[in-house]
Number of protein chains: 2
Amino acid sequence: MTGGGAPRVALGLVGAGQVGRAFLGQILAQREALAATGRMSLEVVAVARSRQMVLTKGTDGDATGALDLDLELDLDALAQHVRAQAAAMGGIAVLVDSTASASLPDAYAAWLESGIHIITPNKQAGAGPLERWDAIQDAAQRGGTRFRGEATVGAGLPVLSTLRSLRETGDEILSIEGVLSGSLAYLLDAWSRGEAFSEGLRKAAALGYLEPDPREDLSGRDVVRKMVILARGAGHRLEASAATVQGLVPDILTTGSVEDFWQHMDVLDAGVEQILTGVREGSASVDRCVIRFVGSLSRDGTVAVGPRALPLSHPFAGLSGTGNAIAFTTRRYNETPLMIQGPGAGPDVTASGMFSDLLEVVAAARTS
Amino acid sequence: MTGGGAPRVALGLVGAGQVGRAFLGQILAQREALAATGRMSLEVVAVARSRQMVLTKGTDGDATGALDLDLELDLDALAQHVRAQAAAMGGIAVLVDSTASASLPDAYAAWLESGIHIITPNKQAGAGPLERWDAIQDAAQRGGTRFRGEATVGAGLPVLSTLRSLRETGDEILSIEGVLSGSLAYLLDAWSRGEAFSEGLRKAAALGYLEPDPREDLSGRDVVRKMVILARGAGHRLEASAATVQGLVPDILTTGSVEDFWQHMDVLDAGVEQILTGVREGSASVDRCVIRFVGSLSRDGTVAVGPRALPLSHPFAGLSGTGNAIAFTTRRYNETPLMIQGPGAGPDVTASGMFSDLLEVVAAARTS
């Protein structure tokens, strides 16, 4: 199967955890359909996980096509291989970073400049230092390549693509509000139904909703990262450190081990109760409001993250469970925002966000 | 300004009503930014309205670039001119049908096959006869062109692009539900607050929410069209006549003039009361439900349109005003749907849906 006139794509995947494997499963399942409809003729030419990698000539080859199996991981060699395979097939080089590595994004700029498109659910580049972010944007510009991270905000929900489309069609972003943490949504939901906060936390942990250290969730740090990505997508040059955050971890519990933390649920309950009661009492209508953990971007580029008391008429008031929701208020969507909501976490929907990036990158790439 | 390496686009616009003019305003306002970012170098080479048209060499030219002003409308000559201008600039030909014409779509297939991309907010092609729809798809396939109608459902909301992305990434559509009529949403909202239905209808008319003949809205025909477009987008071969519709026009008022209709508000009120009371009493929880006018597509391709009693926990229960909402339940978005909501009508947001189509069409067009 050659895919006829479909653009040829050499794809390398770094990181084969749950999300990476789900992505690989999805693109391989659609491989024939993508070729048949002329979208792309796809070859997965490299897969790396932990400290090893496999380099091949493509998906068709399986064992026979494999050049080198189980090499020691060498990211530069992997990138070079993807680029060489793309060149050999007269196609497009795409590298997918499916890790959560903070350092891997250091290599993005060089890859982008060398002609490799990058797709990632890794929030480190989008929310990391502005200097690196600028270098990534500049390198993509020079290399004629794209850096895409749809899955970094809302997983598979079409959030960043919608933001891009709003701006490219000349709309003006006035504000963005988001419920961007499924775990915090779950915890506040349980608390508002009268459960002790620690009780909800234990259930959330049992359901696999939490990071190994629950304070990663409770601190709001992950929401800050997503809001920084949205703010940059809206055209603001923002460092994560500039965001105002009110987390749900009492000061006294911010240090110490995870085990220590779990042994002081009484302190957590008292602290959270105090924070949330304060939020509720600061609201205009104490009885007729709901508390949501909200990230917001103002028109001036300010980002604030924390628990908010919202009137029942607010579009986020009706949310339940672990769903995400993002509301764009713009010049065109002024009185009522454009809102996108749904599950915002999980391997399958995260992978589908990465897949939609792949479709866009390939459609837009000019193979000359 | 040449736009450097940006793909060149010759665009013709048929229909210069509110939506057409809003679209023209938006693309001309973004013209320099689109060229600067390499997205496209855009020339509007033809504009037709009512019975006249203007053919030019492009936007820069203004009066001097005009070849022929105020010609008698000849759509084939217009299409030929757009194609010739695109060829002369080595670019892409795009024709935008901003009319509500039922017959203009008859010409789409020939245009698409001749190399002209088509973008339209006109629902007639997407919801019209399957035979014509098939011819349009086939012609686009043969011509290597695209037919796009994002603005036909939900105006500027990213509904059809999301549906396409879900399917292209290999997700499976299990059902689609939509509140797709802003006017019916407004009317049911007013009625549920205890107003006589006719009172809400008068207010809606005064606010400009209704078609000249309000029965166009009340019949649900427009919602059927949108659901047929969604159903075809989900891969079902459906004729509009196959949809089950329960409208809000009592039988006795379906014929007769608009003036007659407005003189029988007592009949309307009694008839609608009967319909909606029936819907409410047919629901499992009479007291704890809200009535919404819903279009639904089942997995087997069946479309049903009409008033529904929804439990308060339904994602559409919290909607208010004239907003649209579309919920996709898929293999990946199974327990909780992917939902998009916001204003779904109005010239500005409709034009921005057409503009996002233009960006996609140009990005994906291979100029060879």
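**Stop 1: H9 and H10 in chain A**

Select residues 182-192 of chain A, which form helix H9, together with residues 197-206, which form helix H10. In this predicted model, the two helices pack at an angle of about 140°, and their axes lie 8 Å apart. Angles over 145 degrees would count as roughly antiparallel, so H9(A) and H10(A) are oblique to each other.

Now show side chains. Which residues of H9(A) meet H10(A)? On the H9(A) side, pick A:Tyr186, A:Leu187, A:Leu188, A:Ala190 and A:Trp191. Facing them from H10(A) are A:Phe197, A:Gly200, A:Leu201, A:Lys203 and A:Ala204. Coloured by class, the residues of this contact between H9(A) and H10(A) split into 8 nonpolar, 1 polar and 1 charged.

**Stop 2: H1 and H15 in chain A**

Stay in chain A and select helix H1, residues 18-29, along with helix H15, residues 347-364. Their axes come within 8 Å and cross at roughly 55°. That angle makes H1(A) oblique to H15(A), and the crossing of H1(A) and H15(A) is right-handed.

For a closer look, highlight these two groups:

- From H1(A): A:Gln18, A:Val19, A:Ala22, A:Phe23, A:Gln26 and A:Ile27.
- From H15(A): A:Pro347, A:Asp348, A:Thr350, A:Ala351, A:Ser352, A:Met354, A:Phe355 and A:Leu358.

How many residues of the contact of H1(A) with H15(A) are nonpolar, polar or charged? The division is 9 nonpolar, 4 polar and 1 charged.

**Stop 3: H1 and H15 in chain B**

Move over to chain B and select helix H1, residues 18-29, with helix H15, residues 347-364. Here the two helices pack at an angle of about 55°, with axes 8 Å apart. H1(B) is therefore oblique to H15(B), with a right-handed crossing.

Bring up the side chains once more. H1(B) contributes B:Gln18, B:Val19, B:Ala22, B:Phe23, B:Gln26 and B:Ile27 to the contact. H15(B) answers with B:Pro347, B:Asp348, B:Thr350, B:Ala351, B:Ser352, B:Met354, B:Phe355 and B:Leu358. By class, the contact of H1(B) with H15(B) has 9 nonpolar, 4 polar and 1 charged residues.

**Stop 4: both chains together**

Zoom out and show both chains. How are chain A and chain B related? The same surface serves both copies, as 100% of the contact residues of chain A recur in chain B.

**Last stop: confidence**

Finally, colour chain A by pLDDT. The average for chain A is 92, and 95% of the residues score at least 70. Where pLDDT is low, the predicted coordinates should not be read in detail. The model as a whole scores ipTM 0.93 and pTM 0.94.

Terms used: Residues numbered from 1 in each chain as written. Chains lettered and ligands numbered in written order. Predicted model: local features only at pLDDT ≥ 70, side-chain atom pairs only at ≥ 80, totals over all residues. Heavy atoms only, no water. pLDDT = per-residue confidence, 0-100. Axes fitted to C-alpha atoms, helices over the stretch in contact; angles between N-to-C directions. Helix = DSSP H or I, 4+ residues; strand = E, 2+ residues; numbered from the N terminus. Parallel < 35°, antiparallel > 145°, perpendicular 65-115°, else oblique. Contact = heavy atoms within 4.5 Å. Nonpolar A, V, L, I, M, F, W, Y, C, P; charged D, E, K, R; others polar. Left-handed = near helix turned anticlockwise from the far one by under 90°.
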